[in-house]
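Here is a friendly briefing to read with the model open beside you.

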Amino acid sequence: METVRDAISLLSYFVLPLILVGFPLYGLFKRVPVYESFVEGAKEGFQVAVRIIPYLVAILFAIAMFRGSGAMEALTQVLNPVLGLIGFPAELLPMAIIRSLSGSGSAALVVDMINRYGEDSIFVKMAAVMFGSSETTFYVIAVYFGAIGIKRTRHAIAAGLTADVAAALLSVWVVRLFFG
Amino acid sequence: MLNYIWAGLIISSFLFAIGYDIRDISGDKYRNGQPLLLELAFPEGYDSAARRVAVEIRIAPDQYASFYRTDQAPAPSYPGYLLQTKEGTQLRFAAGSKLPEPLATIGKVSSSRDGELQGLLTGFTPPGGTAGVVFEPVRFVKLNAIASAALDFAKTGAEIALGLVGVLSLFLGLLKIAEDSGIVFALVKLVRPILRPLFPEVPADHPALGMIALNLTATLFGLGNAATPFGIKAMEELQKLNKSEDTATNSMVMLMAINTAGIQLVPPVLLLALMGTQVNTLIFPILITSVLGMIVAIVAARLLGRLPGYRGSDPNRKA
């Protein structure tokens with residue numbers, strides 16, 4: 001495991017430099033006016049960022065309100081008995097809910113769980129796997145669709161949330177398999 | 001669907017906030033208007049003529065527990081001072097005091113300009129001993145909290161987006177070189193056999209496939225900074241194939257779904273920072289979970305797209 005991780009992280013050191021140096025170098029080789037091309041492309045950066053703002057603000061403020069309202073605690077109480085039936089630990093429910101909503105919120109929750117249950121606890125492992133194995137769906141939707149001005153997202157949310165639910169259940173199950 | 005989820009988040013936060021606040025009011029959680037009994041001691045002596053007198057505040061734990069009906073306990077003593085004016089005597093807890101709930105919450109409402117918990121002193125007879133303190137009434141805490149959370153995160157949203165400007169410019173610039181020099185086209189040929197089945201709408205030699213490949217590579221190696229601009233560029237390419245201006249195509253949903261699964265060979269840097277080397281034991285569980293999660297995401301994106309409602313709204317459907 002150690003060596004695999006080392007090999008991968010060693011490789012990942014080179015991916016970024018390869019892009020940063022390799023692209024202009026290859027462009028030069030192909031007689032592309034690299035500086036002009038770069039500036040031409042980079043011009044878009046500001047517009048794209050500005051285009052994302054309304055989408056990101058819309059998503060983030062609604063989620064922040066939801067988190068601040070105490071709805072999470074109520075939701076946890078309602079869902080707990082249901083999830084108990086399929087063997088999903090109650091301790092993991094807040095993490096499962098917040099993972100798709102907020103990246104910083106779920107990171108804070110991992111810290112909170114480390115403090116509460118200890119680093120070696122199986123709950124912390126499950127939470128960490130949950131954190132590492134999925135992205136913040138609502139953030140991805142806001143940024144990717146916001147950048148091109150897509151307002152009607154069709155089945156994007158449904159697909160993203162299905163994957164999130166699956167990832168949450170799988171994290172619990174896979175960690176039990178490894179450390180149970 | 002996003003319309004309903006979005007409105008649902010806002011409406012339910014209002015309902016929950018008001019529900020919790022009404023419960024707090026009817027349960028008299030903050031004992032508004034009633035004096036909390038405490039002991040005052042004057043380490044530097046009491047001077048009735050002084051405007052400001054240093055004081056040591058002690059709250060008996062059982063007294064505190066029965067007054068606020070809580071199991072939280074106050075510290076043995078708190079530093080503070082009295083502010084004596086013609087209108088009455090204010091008791092102020094030193095700023096930064098570690099207060100138990102619900103005093104901590106009260107401190108957010110009933111505080112001086114310097115963030116000190118303050119209240120009006122009653123039943124105080126010099127030089128010291130038992131006295132009562134009445135704080136500003138605390139009402140609708142949650143309602144205030146959701147309003148300020150909304151304002152805070154509106155700001156955060158703009159900051160995150162604007163914070164992307166530099167990195168976006170860098171990678172969009174590099175991508176332009178990659179396009180002009182033919183790297184993207186070479187990449188398209190390379191990944192076509194893998195990606196084509198997932199994105200059947202995209203023509204075989206379209207640069208979108210190359211951008212998607214770069215996006216997935218960056219994600220795979222945990223390079224979030226690069227993955228986002230690549231993903232955005234891929235979306236822009238897909239948008240060129242879109243007949244509608246504001247409706248997502250099946251390919252866009254597929255790309256989004258693969259990205260939310262967030263498959264990574266290296267564990268997120270953030271997780272490493274939080275948990276330390278413990279993360280090493282979790283690499284394989286994370287990898288297995290995210291691969292399976294990605295399969296679910298792909299299948300869900302594909303199958304949901306076939307539902308009559310979503311098929312009807314497909315901007316690229318064949319008439």
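In this predicted model, L56(A) is in contact with residues of both chains once its neighbours within four places in sequence are left aside: A142(A), V143(A) and G146(A) from chain A, and G157(B), I160(B) and A161(B) from chain B. L56(A) also belongs to the largest nonpolar core, where it is one of the residues that touch the most other members.

**The nonpolar core**
- The largest nonpolar core holds 149 residues, and those touching the most other members are L56(A), A127(A), A159(A), A257(B) and A297(B).
- Helix α3 of chain A, residues 44–68, gives the most to this core, with 14 residues.

**A64(A), a residue to look at**
- Helix α3 of chain A is also where you will find A64(A).
- Is A64(A) buried or exposed? A64(A) has 26 other C-beta atoms within 10 Å, and because 20 or more count as buried, this residue is buried.
- Apart from neighbours within four places in sequence, A64(A) is in contact with A149(B), A150(B), D152(B) and F153(B).
- Y26(A) sits 38 residues from A64(A) along the chain, and the C-alpha atoms of the two are separated by 45 Å.

**Where the chains meet**
- How many residues of chain B are in contact with chain A? There are 92 of them, and they meet 86 residues of chain A.
- On chain B, the elements giving two or more residues to the side that touches chain A are α1 (2–26), α4 (141–163), α5 (165–181), α8 (224–240), α9 (250–261), α10 (269–275) and α11 (283–306).
- The largest share of that side of chain B comes from α11(B), with 15 residues.
- Sorted by class, the side of chain B that touches chain A has 61 nonpolar, 24 polar and 7 charged residues.

**Chain A as a whole**
- The C-alpha atoms of chain A fill a box of roughly 65 × 45 × 30 Å along the principal axes.
- Of the 180 residues of chain A, 50% count as buried.
- Among contacts in chain A between residues at least 6 apart in sequence, 65% join residues at least 24 apart.

**Chain B as a whole**
- Chain B has 12 helices and 6 strands.
- The radius of gyration of chain B is 30 Å, whereas a compact globule of 319 residues would have one near 20 Å.
- Along the principal axes, the C-alpha atoms of chain B fill a box of roughly 90 × 40 × 35 Å.
- Of the 319 residues in chain B, 42% count as buried.
- Three domains are assigned in chain B: domain 1 (1–30 + 139–163), domain 2 (31–138) and domain 3 (166–312).
- The C-alpha centres of domain 2 of chain B and domain 3 of chain B are separated by 57 Å.

**Confidence**
- Chain B averages a pLDDT of 89, and 99% of the residues score at least 70.
- The model scores ipTM 0.89 and pTM 0.85.

Conventions
Residues are numbered from 1 along each chain as its sequence is written. Chains are lettered from A and ligands numbered from 1 in the order in which they are written. This is a predicted model: local features need pLDDT of at least 70, side-chain atom pairs count only at pLDDT 80 or more; totals for chains, interfaces and linings use all residues. Two residues are in contact if their C-beta atoms, placed from the backbone, lie within 7 Å. Helices (H or I, at least four residues) and strands (E, at least two) are DSSP runs, numbered from the N terminus. Ala, Val, Leu, Ile, Met, Phe, Trp, Tyr, Cys and Pro count as nonpolar, Asp, Glu, Lys and Arg as charged, and the others, Gly among them, as polar. A nonpolar core is a set of buried Ala, Val, Leu, Ile, Met, Phe, Trp, Tyr and Cys residues joined through C-beta atoms within 7 Å. A residue is buried if 20 or more other C-beta atoms lie within 10 Å of its own, exposed if 12 or fewer, and partly exposed in between; C-beta atoms are placed from the backbone. The radius of gyration is taken over C-alpha atoms; the globule rule is 2.2 Å times the number of residues to the power 0.38. Domain bounds come from an automatic or database domain assignment. pLDDT is the predictor's confidence in each residue, from 0 to 100.
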